[in-house]
Amino acid sequence: MKRREFLAQATLAGMAISLPSFVLPNSKKINNTSVIIIGAGFAGLAAAYQLFKKNIPFILLESRSRYGGRVFSHALTPRLVVELGGEWVGASHTRIRELCDEMNLTLENNQMDTHLIYKNQYFAKGKWDYSNAWKQKFEHIIKTYPQLTEEDKKQLDQYDWWRYLVNNGCTGRDLEIRELLDSTDFGESIRHVSAFAALAEYAESSPKNEMDFKIKGGNSKLADAIVAKIGKQNINLNHTVTHIIQNNKVEVRCSNGKSFIADKIICTAPTFALQKINWSPELTPAYKNALNELQYARITKRAFAFSKRFWKDESFDLITDQAPHYFYHASKNQPGPSGALISYSIGDKALINADYSNTNAAREMAACLEPFFGPVKKLLKAQQYYYWGQDIYSQGAYAMYGIGQWFTIRPQLLQPHLHTHFAGEHLADWQGFMEGAINTGEDAASNIIQ
Ligand SMILES: Cc1cc2nc3c(=O)[nH]c(=O)nc-3n(C[C@H](O)[C@H](O)[C@H](O)COP(=O)(O)OP(=O)(O)OC[C@H]3O[C@@H](n4cnc5c(N)ncnc54)[C@H](O)[C@@H]3O)c2cc1C
């Protein structure tokens, strides 16, 4: 049984026990709105699009002054668009790919070939590898993953991915390189990540680990396209929800003094923002505990624009054991000769990377790259960073399921609260991905449409 199937069953089982015992009111319209969606990220937009297609009245309330949430395309220069949030669309991510098709958006190949800087030595793509013994062992682990029972998976959730690797014979250089690479997937050290969450991701992902495509022109194009379909008049930007009052109907109040009444709510706020909302009646103690337990990963993306693509290879990415952590070509498929690299750092390194002045960040970038690529700092034209660890709504890039959390916290956070259904990447089988956000938004809409 795959992670998705298993979790769907586990969640349904959990919901059956604790669904509210009263019957929800029907969707009689009040103020011409029957569903309030909180958040215009990919979960909220996907939910809105489903309701729109079924002619169910809705209104979308979004704190920020832009759509897309943690998908955040940015024009670094007039010619170069980079992603400061969600980047890669995976080959296995069927719903986002279908939506791109439906919206006539082009997905461009965004696969990378990884170079390495390790202990002051540079290894071009294809010139470095893990030891044969570890490669064989890992292949065996992935091959035998489908044989794991549900009990095996729960056992794996009881310890961290670093420990799992060590217990399976990954040591020394192999372990250090895995830590550098895998921590970019989870946004924190793999010593904090559930072994089950990590193994499931690697065993169920495409060969390039879902780093396959990007939307031509920037991933925010998908948000724009959905907004165009559902109509801007149905979306209220700069509306921060502060109070949710649920009786026979729901009343949602915003910090700007506006309030809205409807029959149901789809709440896609990340857990940090969700916790700040004043709920009446309150969220259950179990729900509040789960909100308190779940952590989000700290990631900084710092984009550098250069007048020349000195890295030459369009599919260039580079893992390093230095402060900038991971570089990748962020302007692949965009016309040159100028180009952009993003330095993507995680955990404590993310805060260091964010706190640099531009001058210091350029110095660190040069200290890492110049020994192997020559005097690149003089090619630098612009830079821009975003530190997700201090984003006021999420305080992190995406949720990070730690030891013992996958099978406990996630089903808890999926429980509806009276007329409110929850959605967002933190609740998804494809957790941490744009696909996951879309899946949960659509699922929440389906729960209402039924
Ligand atoms: C650095 C980084 C790298 C990533 N890389 C990838 C990748 O390569 N591939 C991939 O698939 N995914 C990636 N992701 C993850 C992906 O971007 C997210 O999973 C997805 O965008 C989350 O969507 P969401 O709708 O669940 O949440 P969000 O996008 O956060 O949407 C929630 C919205 O709710 C709003 N909100 C919060 N509180 C309130 C309130 N009280 N009232 C009104 N509105 C409120 C917020 O402003 C926000 O817009 C990355 C994310 C980051 C940050």
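**Exercise 1.** Find the domains of the chain and describe how they touch.

*Solution.* Start with the bounds, which come from an automatic or database domain assignment: domain 1 is 3–69 + 219–295 + 400–449, and domain 2 is 113–204. Residues are numbered from 1 along each chain as its sequence is written. Keep in mind that this is a predicted model, where local features need pLDDT of at least 70, side-chain atom pairs count only at pLDDT 80 or more, and totals for chains, interfaces and linings use all residues, while side-chain values use heavy atoms, with hydrogens and water left out.

Next, contacts (heavy atoms within 4.5 Å): 13 residues of domain 1 meet 18 residues of domain 2. Then check for salt bridges (a side-chain nitrogen of Lys or Arg within 4 Å of a carboxyl oxygen of Asp or Glu): there are zero between domain 1 and domain 2.

**Exercise 2.** Which parts does the salt bridge between Lys53 and Glu102 tie together?

*Solution.* First, the distance: N to O is 3.4 Å. Now place the partners on DSSP runs (helices are H or I, at least four residues; strands are E, at least two; numbered from the N terminus). Lys53 sits in helix 2 (residues 42–53) and Glu102 in helix 3 (residues 94–102), so the pair links parts 49 residues apart in sequence.
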